[in-house]
Amino acid sequence: MKYFCAIFVFFIVLGLNATDGHDCKIVQFIFGDSLSDVGNNRNLPRSLAQANLPFYGIDFGNGLPNGRFTNGRTVSDIIGDKIGLPRPVAFLDPSMNEDVILENGVNYASGGGGILNETGGYFIQRFSLWKQIELFQGTQDVIVAKIGKKEADKFFQQARYVVALGSNDFINNYLMPVYGDSWKYNDQTFVDYLMETLDSQLRVLHSLGARKLMVFGLGPMGCIPLQRALSLDGQCQNKASNLAKRFNKAAATMLQDLETKLPNASYKFGEAYDLVNDVITNPQKYGFDNSDSPCCSFYRIRPALTCIPASTLCKDRSKYVFWDEYHPTDKANELVANILIKRFDFMRADDGTSDAPSPAPDLAPSPDDN
């Protein structure tokens, strides 16, 4: 499963573009894991990476599970709302059709997915990045049939693309001895393997029209509650966090190289390692009381891995950085989204010139007696 530290962000929508009778918005296509999954895995019946039980979604809309691996919104939900973007619909959402794609874009993210096909295999069903790209190819076919190849090419080349994976390739692959990759590679050669694979995947996306693309880096993976619980002293595991740094450095270099080689490519690397590390290290600075354990836990049994109906909740969800052993709370996501909006100078989608006001939150209250 993806966790809080691998953060992704939206590109700015510049307006509407007429395509021979079709008013096609500039939309986004999201490729990711559980940090950005908005309902794909809940429609994979054999997947063990699920967020379909209470109390997931307790602070979102009607308070029922909706496929998001948190109590409320994802970072992408919040950023999109604040800059006036529609939320891309999960690829497996029953409402998905050509009109929805043209109006909202598509989110292919899948909890447990990774850059590598073998990552997260024990979750049984999940979409790896290669599979997500395959699904995107199918999306292109239906849009070509809907509006014609010329207009479809324009639509996909004007779209924005977000790729936010990587932590599962470490946490649910390389760092687990049950996977062959854990003994086949060392730290550097495994990162090299990831970069070679990701390079190939981004080249395929470019061949399919992806011109404006952002890849997000990883945060201090060794500091998520799961990694702390598995350590002997409850502290962050430096090996995992150092792997994240290696990944970030290599990915930034690889993207710069790709941008110079692929025509009309505008590729960005969004790193938030220092920001997330500061939130975890100095939670009070950001209004949190706890940054080392999950709000939703199974009494004192750790690690609980997932939030279930028998779990107990912290009294104030807004004071916890982490919702479960892997993922952030809505409040933590909001903090990160707000900082990233400022860092990347996001602006309104309607005119591209001014910051968007914060919309009324689509949240239920977080009562103190929970």
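Me: Two strands pair if DSSP finds at least two bridges between them. In this predicted model, how many bridges join strand β3 to strand β6?
Reply: Strand β3 covers residues 28-32 and strand β6 covers residues 160-164. Strands here are DSSP E runs of at least two residues, and helices are H or I runs of at least four, both numbered from the N terminus. The two strands run parallel, and the number of bridges joining β3 to β6 is five.

Me: Which residue is the bridge partner of Q28 in β6?
Reply: Residues are numbered from 1 along each chain as its sequence is written, so you can find Q28 directly in β3, which spans 28-32. Its partner strand β6 spans 160-164. In β6, the bridge partner of Q28 is R160.

Me: What is the order of the strands in the open sheet?
Reply: The sheet is open, has six strands and shows parallel pairing. Within it, β3 is joined to β6 by five bridges.

Me: At what angle to β3 does helix α3 run?
Reply: Helix α3 (residues 129-147) lies across β3, β5 (106-107) and β6, where contact means heavy atoms within 4.5 Å. Axes are fitted to C-alpha atoms, for helices over the stretch in contact, and angles between N-to-C directions run from 0 to 180 degrees. Helix α3 runs relative to β3 at about 155 degrees.

Me: How many disulfides does the model hold, and which cysteine is joined to C223?
Reply: Counting pairs of cysteine sulfur atoms within 2.5 Å, the total comes to three disulfides. One of them includes C223, with an S to S distance of 2.1 Å. The cysteine joined to C223 is C236.

Me: What handedness does the link of C223 and C236 have, and how many degrees are there about its S-S bond? How many residues apart in sequence are the parts that the pair ties together?
Reply: The link of C223 and C236 is right-handed, with 120 degrees about the S-S bond. C223 lies in the loop between β7 (212-216) and α8, and C236 lies in the loop between α8 and α9, so the parts tied together are apart in sequence by 13 residues.

Me: Where is the cis peptide bond that joins P54 to its partner, and what is its omega?
Reply: Most peptide bonds are trans. The cis bond joins P54 and F55, and F55 is found in the loop between β3 and α1 (75-82). The omega of this bond is about 20 degrees.

Me: What is the phi of I124?
Reply: Most residues other than glycine have a negative phi. I124, found in the loop between β5 and α3, is not a glycine, yet its phi is positive. Local features such as this one need pLDDT of at least 70, side-chain atom pairs count only at pLDDT 80 or more, totals for chains, interfaces and linings use all residues, and side-chain values use heavy atoms, leaving out hydrogens and water. The phi of I124 is about 70 degrees.
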